[in-house]
Amino acid sequence: MTNRDKFGYRPIPLCDGHIHITFAHPVDTTKKILDDTMTWYNCERIAILGLQQDSKKHCDPGNNLKALYCKSRLNREYPDRHVYAFSGIFHHYDERDTAQGYLAQAKALYTMGFDGVKILDGKPKMRMNLGRRQDDPIFDPFYAFLEEHDIPVTMHLGDPPEFWDINKISEYALKVGWYCDETYPTLEEMREEVLSILDKFPRLRLTMAHFFFLSQDLEACADLFARYPTLCFDLTPGGEMFENFSKHPDDWRTFFIRYADRISLGTDTYNYDLHETLSDYGTNADLARTNLVRKYLEWSEPFEHPWYGTLIPLGLDADTLTKIYRGNFIRRLGAPRPVNASLTAETAKAMREAMADGTMCCETEERTALEYQNLDIIENYFKNSEE
Ligand SMILES: [Zn+2]
């Protein structure tokens with residue numbers, strides 16, 4: 001039994017471009033969870049997107065390396081499945097951040113064998129931490145390198161427009177501190193920063209996560225696709241997008257068919273520890289994001305969602321679904337890049353040193369101890385590994 005059997009979805013293998021290692025587990029538990037996740041959700045390929053790190057607390061110093069480790073091990077175990085790893089980037093948020101430093105990060109992640117880069121600076125709180133525009137010249141050599149080496153970028157920019165409106169933001173979003181008051185840049189201003197990056201680096205292969213938070217404006221989406229030929233969107237919820245699509249389902253169906261080469265599957269599935277049986281994955285409501293996306297794209301009859309009300313799905317044809325579910329991912333990423341084992345082992349060691357000298361740190365002692373263990377496992381594995 002898999003998720004596809006349970007809901008009667010189309011027999012198209014999934015390539016999920018938006019997975020995170022969010023929870024603190026021993027790295028081999030995370031590997032097992034990702035393995036089960038791929039089996040349950042019928043994933044032929046996944047991309048693990050590294051979480052952004054900085055020199056403040058709440059850091060997960062080994063996040064990128066855990067992604068490389070899971071990629072390497074799972075790819076060895078399953079020749080018919082493919083795991084990819086995108087690197088998150090690191091900020092000091094002070095004068096130690098330099099153009100040379102960001103360029104060095106791009107070179108290092110490329111040499112280590114990452115398949116792409118994940119940028120989270122456009123999450124409004126992160127943009128405030130960054131304290132500079134995302135198209136600031138400090139990032140030019142970084143993006144020039146990514147463009148030159150054809151390295152895909154997945155970027156989170158903004159939040160739903162309601163988060164800028166005290167009268168429209170949900171109680172939950174307000175409570176968790178996502179309201180953007182007048183000290184924040186507007187959503188339009190932040191979008192302009194990203195488009196300015198594309199103006200400077202027009203061959204940069206940029207995918208905007210969560211449909212660029214533009215699901216309320218079909219015309220704007222079509223204009224952007226016309227203006228920026230390398231730009232793509234992913235469908236990672238942001239469930240509000242399905243509520244917005246449901247207001248004009250016929251127009252959006254036409255849009256999805258027309259731009260099927262520019263839209264790809266993503267789910268924000270995490271390494272949830274559901275260790276009992278595989279079918280536990282099908283009963284946990286938190287894991288329903290894949291189902292929200294699949295039902296919305298595949299089903300024809302309206303269905304109820306507890307947060308988004310009545311959704312009117314698109315009932316897309318198999319050709320369109322195949323492009324969105326796997327064709328675009330494979331075209332964008334090709335085969336997983338080989339991991340540079342010795343450099344990854346050295347980096348794991350350097351990361352432990354960065355934790356020891358306080359450059360990076362975890363929130364609690366327990367978490368710190370776990371990450372030291374994880375970095376040990378990763379270093380030892382890659383020390384003894386040739387790819
Ligand atoms: Zn995400």
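**Close-up views of a predicted model**

**View 1. Helix H3 meets helix H15.** Leu65, Lys66 and Tyr69 in H3 touch Asn374, Leu375, Ile378 and Tyr381 in H15. Contact here puts two C-beta atoms, placed from the backbone, within 7 Å. The residues of this contact split into five nonpolar, one polar and one charged. Ala, Val, Leu, Ile, Met, Phe, Trp, Tyr, Cys and Pro count as nonpolar; Asp, Glu, Lys and Arg count as charged; the others, Gly among them, are polar.

This is a predicted model: local features need pLDDT of at least 70, side-chain atom pairs count only at pLDDT 80 or more, and totals for chains, interfaces and linings use all residues. Residues are numbered from 1 along each chain as its sequence is written. Helices (H or I, at least four residues) and strands (E, at least two) are DSSP runs, numbered from the N terminus.

**View 2. The crossing of H3 and H15.** H3 spans residues 63-77, and H15 spans residues 365-383. The two pack at an angle of about 45°, with their axes 10 Å apart. H3 is therefore oblique to H15. Axes are lines fitted to C-alpha atoms, for helices over the stretch in contact, and angles run from 0 to 180 degrees between N-to-C directions. Under 35 degrees is roughly parallel, over 145 roughly antiparallel, 65 to 115 roughly perpendicular, and the rest oblique. The crossing is left-handed: the near helix is turned anticlockwise from the far one by less than a right angle, whereas clockwise would be right-handed.

**View 3. Strands S1 and S2.** Strand S1 (residues 14-20) pairs with S2 in the parallel sense over four bridges. Pairing requires at least two DSSP bridges. Ile19 stands opposite Ile48 in S2. S2 is mostly covered, with six of its seven residues buried. Buried means 20 or more other C-beta atoms within 10 Å of a residue's own, exposed 12 or fewer, and partly exposed in between, with C-beta atoms placed from the backbone.

View 4. Asn42 lies in the loop between helix H2 (27-40) and strand S2 (43-49). Its phi is positive, about 60°, although Asn42 is not a glycine. Most residues other than glycine have a negative phi. Asn42 is partly exposed, with 19 other C-beta atoms within 10 Å.

**View 5. Asp150 in its loop.** Asp150 sits between helix H6 (140-148) and strand S7 (153-157). Asp150 is not a glycine, yet has a positive phi of about 60°. Asp150 counts as exposed because it has 10 C-beta neighbours inside 10 Å.

**View 6. A cis peptide bond.** Pro237 and Gly238 are joined by a cis peptide bond, with omega about 0°. Gly238 is in the loop between strand S9 (232-234) and helix H10 (240-245). Most peptide bonds are trans.
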